[in-house]
Amino acid sequence: MTYVTMKAPRASRPLIKARFTGPLVLDVQCELAHKEEQQQLESMANQKVKLVGFWVSPFVYRVIWALKFKGVDYEYIEEDIFNKSALLLELNPVHKKVPVLIHEENAIAESFVILEYIDEMWKENPLLPNDPYDRAMARFWARFSEEKFLENACMAHCSEEEEDREKFVKLAIECLEKIEEELKRKKNKFLGGETIGYLDIVMGWIPYWLPMWEEVGSIEILNPLKFPATTSWINNMLSHPLIRENLPPRDKSVVYFQKRRIEAMPPVSLLLESDMGTKIEGVEYEYIEENVFNKSPLLLELNPVLKRVPVLVHEEKVINESFVILEYIDETWKENPLLPSDPYERAVARFWARFCDEKIMQDSFTAMCSEGEDQEKSVELTIESLEKLEEELKRKNKKFFAGETIGYLDISIGWISYWLPIWEEVGSMKILDPLKFPAITSWMNNFLSHPLIKENLLPRDKMVVYFKNRRKEIAQNKKSKQQS
Ligand SMILES: N[C@@H](CCC(=O)N[C@@H](CS)C(=O)NCC(=O)O)C(=O)O
C-alpha cells in the first residue's frame, strides 16, 4: 500500500456550492450537503488507524492518549529512531521523526498537528474547548510549554557544564512559574477543566518525563513547595486511568535518558502574519505600533508571558502568538476561511507552516547574522528545507498553497516572499535561486502581486536598514560574549 504523506494530501471532498441559489433552496441544500459531509466524515473516521511511534517518546504518548481518549482503535508500529525504517522515511520525509499517524491513506506527522487532526476527525470527547478564545488560550499555552519550557528543561538535564545547567534550570523554573500562575487562575482539576483536554495532553510530559529528567540530570525544577498548583495537577494527571495506564516503564526509561542527550532548537522569532490574517477576513481593526526595544507597559500587560508582538485584542480578550491568532481569526470570522475545510488538508497546512517557521526562518535568520563557515552551513540548511517546500508546491501545482487564492499557509510563510530576499541582501548571501526554485519563485510573484499583500508591506529600504543594524548588533553581542 502506498501512503499519501504530508507531501500529497488526498483529493478534497466536493465543496458546498449553495451560494448562488435562493434562500429557501439554500437551506435545504446546505443541510443535505452537511449531512453528506457528516456521513463522509463518519465513514472516514471509521477507517483503520495506525500509529508509528517510539516506546519512550513523550510526543508519541500525546497521540496514544488522544486516540484512547476518543476511543479510536489503532495498530501500533514501533520504530527504531536510531536506524530509521524505509516506512518512516516514506511517511515523514521532511522531519524523519515519530509520531506519524496513518489514517485512510493519509500520513500525518508532528504531534501538535496530529492532535488537531484527531480532534477534527473524531468529534466525540472534544479535546480543544468549543469557544474560539478558549481554543486560542489552549494553543498559546501549548506552544509556550513546548517552545520555552520543554526546550529549557531538555537543555537543563542535558547540559554538561554546571554554568549552562544552572542557566537552563533557572529559565525552566521561570516558565513553570507562568504555568503555575495559569493553573492557580483556572482552579480546575485539569487544564481542560474537570476532565483531561488538549493542553493536559500536550503538557503530559511534565508529570512523568520531567521527574525522570531531573533524576538523570541531578537538577530540581519541580519543587512542590514553590509549585503547589502544578504538583496537584501532576497528581491528578498521574492518577487518571488514561495517563496512568499508558506510560513507558520508569526504570527502563531512566536508563534510556541517561544514555541519551536530547538536542533542542532555539525559540522562533515573530512576524506580521496576523495582520495579513485580519485583512483577508475583512475585519476592521486598530493598529498600535510597539517599540520592541523599549517595551511599553501595555505590551507587558497584554503579553506578560512572552513579552512580544503580535498581540490581538478582541472584545477585551487578548490573544498572543501569530499562529494562535490566525486560528482565532479563522474561527471567529467565518467568511473567507483561511484553513481548508478538510481535516487532512488542515493538518498539511499546519505541518508546513510549522516547518517553515521552525526550520527555514531559524536557519535563514542565523545565516543573515553570521559569516564564513557558519553562514555557509546555515545557508545550506535553508536551501535543503526550501527544496522540500519546492517539492510540495510543485505537487500542488496551484497559484497559491491554498489553491487559487491566498490561505493560511500562504499567510504563515508570506515572509519568505519579502523578508527572505531582504535577509539575503543584508547577509550578502544567495538562497532563493529562481532556477533551483521555480515553483517558489512563481508563488512569490503571485503572492507579492496580490493586492492584499502588495498594499500591506513596509518600505524595502527601511527594512534593509533595520536588518543591517540588527545584524551588526547580534554580531557585536556574539563578539563580546566570546571575549568575556
Ligand atoms: N515536534 C515533533 C517532535 C518529535 C520528535 O522529536 N520525535 C523523536 C522521538 S522522541 C524522533 O523521532 N527523533 C528522531 C530524530 O530526531 O531523528 C512532534 O511534536 O511530533
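Helices (H or I, at least four residues) and strands (E, at least two) are DSSP runs, numbered from the N terminus. This is a predicted model, in which local features need pLDDT of at least 70, side-chain atom pairs count only at pLDDT 80 or more, and totals for chains, interfaces and linings use all residues. Residues are numbered from 1 along each chain as its sequence is written.

- Lys96, found in the loop between H3 and E3, has a positive phi of about 60° although it is not a glycine.
- Pro99 lies in the loop between helix H3 (86-91) and strand E3 (100-103), and a cis peptide bond with omega of about 5° joins Val98 to Pro99.
- Most residues other than glycine have a negative phi, and most peptide bonds are trans.
- Lys96, Val98 and Pro99 are among the residues around the ligand, which also include Phe54, Ser57, Lys97, Glu110 and Phe112; a residue counts as near a molecule if its C-beta atom, placed from the backbone, lies within 6 Å of it.
- This shell divides into six nonpolar, two polar and three charged residues, where Ala, Val, Leu, Ile, Met, Phe, Trp, Tyr, Cys and Pro count as nonpolar, Asp, Glu, Lys and Arg as charged, and the others, Gly among them, as polar.

- Val309 and Pro310 are joined by a cis peptide bond with omega of about 0°, and Pro310 is placed in the loop between helix H13 (297-302) and strand E5 (311-314).

**Helix packing**

- Helix H18 (residues 415-427) packs against helix H21 (residues 460-483) at an angle of about 55°, with the axes 9 Å apart; axes are lines fitted to C-alpha atoms, for helices over the stretch in contact, and angles run from 0 to 180 degrees between N-to-C directions.
- H18 and H21 are therefore oblique to each other, since angles under 35 degrees count as roughly parallel, over 145 as roughly antiparallel, 65 to 115 as roughly perpendicular and the rest as oblique.
- Helix H5 (residues 132-158) and helix H8 (residues 205-217) pack at about 25°, with their axes 8 Å apart, which makes H5 roughly parallel to H8.

**An annotated span**

- UniProt, in an unreviewed entry, places the feature "coiled-coil region" at residues 372-399; its positions are given in the numbering used here, feature names are shortened, and annotations may be inferred rather than shown by experiment.
- In the model, residues 372-399 are 89% helix and 0% strand, and the end C-alpha atoms of the span lie 36 Å apart.
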